[in-house]
Amino acid sequence: MRRLLDWRGHAVLALAARLYLGTIFLVACTHKIADPGAFAIDIATYQILPLGVVNLMAIVLPWVELLAGFMLLAGLRTRAAALLVAGMMAMFTVAIAIAVSKGLDMSCGCFASQGSAEDPISWRTIARDMSWLCLALYVLVVDRLPIGIDRMLGAAGQPRSINPSKEQS
Amino acid sequence: MPGVAARVAGRRPLHSLRTALRDALIVVLGGAATGATVNALRSHGIPFVQKTAYQILVPCPEGGGDAPAIAASDPAVWQARTLLVDARTAALHRRWHPRAALHVPFDYLEATPPAQVRRIAASGAARVVVFGDGGNPDSGEQLARELAGAGIRNVRFVEGGAARLEEAAATRGAP
């Protein structure tokens with residue numbers, strides 16, 4: 001297990017996963033930030049959250065998506081960003097699964113506030129979200145020295161760590 | 001400095017899970033503060049707590065079965081062992097309907113009474129052909145699906161509804 005985690009290729013694979021997830025989150029938050037009212041209706045359509053929480057969610061969630069997406073792209077506090085993305089993906093997956101199991105004919109509201117005819121939720125949506133959840137967990141678990149600001153700051157703060165062979169010897 | 005070496009070798013993450021949790025919490029708080037500020041400043045901001053329920057329209061799950069379309073000119077429509085079912089309103093049914101057509105008005109809000117479904121099931125017909133208003137959605141198609149979902153076999157609906165059926169009846173000289 002340790003050897004598996006030590007593989008240096010993880011940094012590159014995780015970078016690809018981060019760029020992919022970060023872009024998705026930046027794209028997803030755009031319409032929500034632009035029109036929180038429409039996003040609030042999207043949330044209400046799930047019929048899961050109490051009414052008093054719906055607007056707060058619509059106001060806060062897009063900005064958390066924006067920050068997490070930016071942090072993933074920049075490699076800034078990457079584990080925290082991956083943790084946030086994983087948490088949000090788990091939350092979205094559960095919400096969509098509940099809606100699908102109820103038989104609600106609706107759109108997920110992930111990338112645009114639109115009707116069910118354009119983008120209906122289905123088990124495929126759940127599978128897609130679960131694959132993104134897996135990617136976020138992959139980054140969280142294996143990306144130990146993320147390429148980006150984290151690595152630059154880490155190297156700057158600890159200059160002797162650039163040559164690990166000498167450190168270990 | 002074995003700790004640094006371990007981090008670079010990938011054995012230990014740059015940030016521990018506890019640090020990541022702390023950072024994540026800070027991001028959530030930061031996101032909440034930003035969102036609240038932006039919402040308060042924008043002209044079309046929404047109230048933080050919604051007082052009245054949102055008017056959401058989510059169609060109820062359709063429990064219907066599979067009911068293919070059939071052309072009004074299809075000879076099977078006019079065979080003796082076919083039960084024709086009129087899904088239209090009473091007024092439209094009175095205006096015109098084929099002889100022996102059973103009137104079962106389709107209601108978009110209420111399910112068809114079980115007694116009507118049992119009557120159709122007990123008819124002994126080889127097939128059930130439903131015709132409606134031919135609109136979009138077509139009441140005939142909706143009723144046909146509902147009947148198929150209720151277990152009635154070999155249910156079809158007339159494509160184009162009563163208007164096409166009336167034309168076909170006139171062509172065939174059917175009453």
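Two residues are taken to be in contact when heavy atoms lie within 4.5 Å. In the predicted model described here, the contact between the two chains takes 45 residues from chain A and 45 residues from chain B. Putting chain A and chain B together buries an area of about 4,000 Å², and carbon and sulfur atoms give 68% of that area.

Turning to the polar side of this interface, seven residue pairs are in polar contact between chain B and chain A, with both partners at pLDDT 80 or more. On the side of chain B that touches chain A, the elements giving two or more residues are helix 1 (2–8) and helix 2 (17–41) of chain B. Helix 2 of chain B gives the most to that side, with 17 residues. Sorted by class, the side of chain B that touches chain A holds 26 nonpolar, twelve polar and seven charged residues. One salt bridge is found across the interface of chain B and chain A. Its partners are Arg77(A) and Asp23(B), with the closest N and O atoms 3.1 Å apart. This pair also belongs to a network of salt bridges that links Arg77(A), Arg22(B) and Asp23(B).

Of the 169 residues of chain A, 50% count as buried. Among the contacts in chain A with a separation of 6 or more, 69% come from residues 24 or more positions apart.

Asp143(A) forms a salt bridge with Arg18(A), the closest N and O atoms being 3.5 Å apart. Because Asp143(A) sits in the loop between helix 6 (123–142) and helix 7 (149–157) of chain A while Arg18(A) belongs to helix 2 (residues 9–34) of chain A, the pair ties together parts that are 125 residues apart in sequence. Both ends of the bridge are shielded by the burial criterion of under 20% relative accessible area: Asp143(A) is buried because its relative accessible area is 2%, and Arg18(A) is buried because its value is 0%.

The cysteines of chain A also deserve a word. The whole structure contains one disulfide over all chains, and this disulfide joins Cys108(A) to Cys110(A), with an S to S distance of 2.0 Å. Both Cys108(A) and Cys110(A) are buried. Cys29(A) counts as buried too, because its relative accessibility is 2%.

The side chains of Arg88(B) and Asp86(B) meet in a salt bridge at 2.9 Å, N to O, and both Arg88(B) and Asp86(B) are buried. In another pair, Arg145(B) forms a salt bridge with Glu141(B), the closest N and O atoms being 3.0 Å apart. Arg145(B) and Glu141(B) are four residues apart in helix 5 of chain B, so about one helical turn separates them. Arg145(B) counts as partly exposed, because its relative accessibility is 31%.

Leaving aside neighbours within four places in sequence, Val77(B) is in contact with Ile70(B), Ala71(B), Ala72(B), Thr82(B), Leu84(B), Val129(B) and Leu165(B). Val77(B) and Ala168(B) are 91 residues apart in sequence, yet 9.9 Å apart in space, C-alpha to C-alpha.

Most residues other than glycine have a negative phi, and most peptide bonds are trans. A cis peptide bond joins Asn136(B) and Pro137(B), with omega about 5°; Pro137(B) is placed in the loop between strand 4 (127–131) and helix 5 (139–149) of chain B. A positive phi, near 55°, is found at Gln47(A), in the loop between helix 3 (36–45) and helix 4 (51–74) of chain A. Gln47(A) is partly exposed, with a relative accessible area of 41%. Ala100(B) likewise has a positive phi, near 70°, and is found in the loop between helix 3 (90–95) and strand 3 (102–103) of chain B. Ala100(B) counts as exposed, because its relative accessibility is 66%.

Notes. Residues are numbered from 1 along each chain as its sequence is written. Chains are lettered from A and ligands numbered from 1 in the order in which they are written. Side-chain values use heavy atoms; hydrogens and water are left out. Buried area is the accessible area (1.4 Å probe) that two parts lose on being put together, summed over both. A salt bridge is a side-chain nitrogen of Lys or Arg within 4 Å of a carboxyl oxygen of Asp or Glu. A polar contact is a pair of N or O atoms within 3.5 Å; within protein, one must be able to donate a hydrogen and the other to accept it, and residues adjacent in sequence count only if both atoms are side-chain atoms. Ala, Val, Leu, Ile, Met, Phe, Trp, Tyr, Cys and Pro count as nonpolar, Asp, Glu, Lys and Arg as charged, and the others, Gly among them, as polar. A disulfide is a pair of cysteine sulfur atoms within 2.5 Å. Buried means under 20% relative accessible area, exposed over 50%, partly exposed in between (1.4 Å probe, protein chains only).
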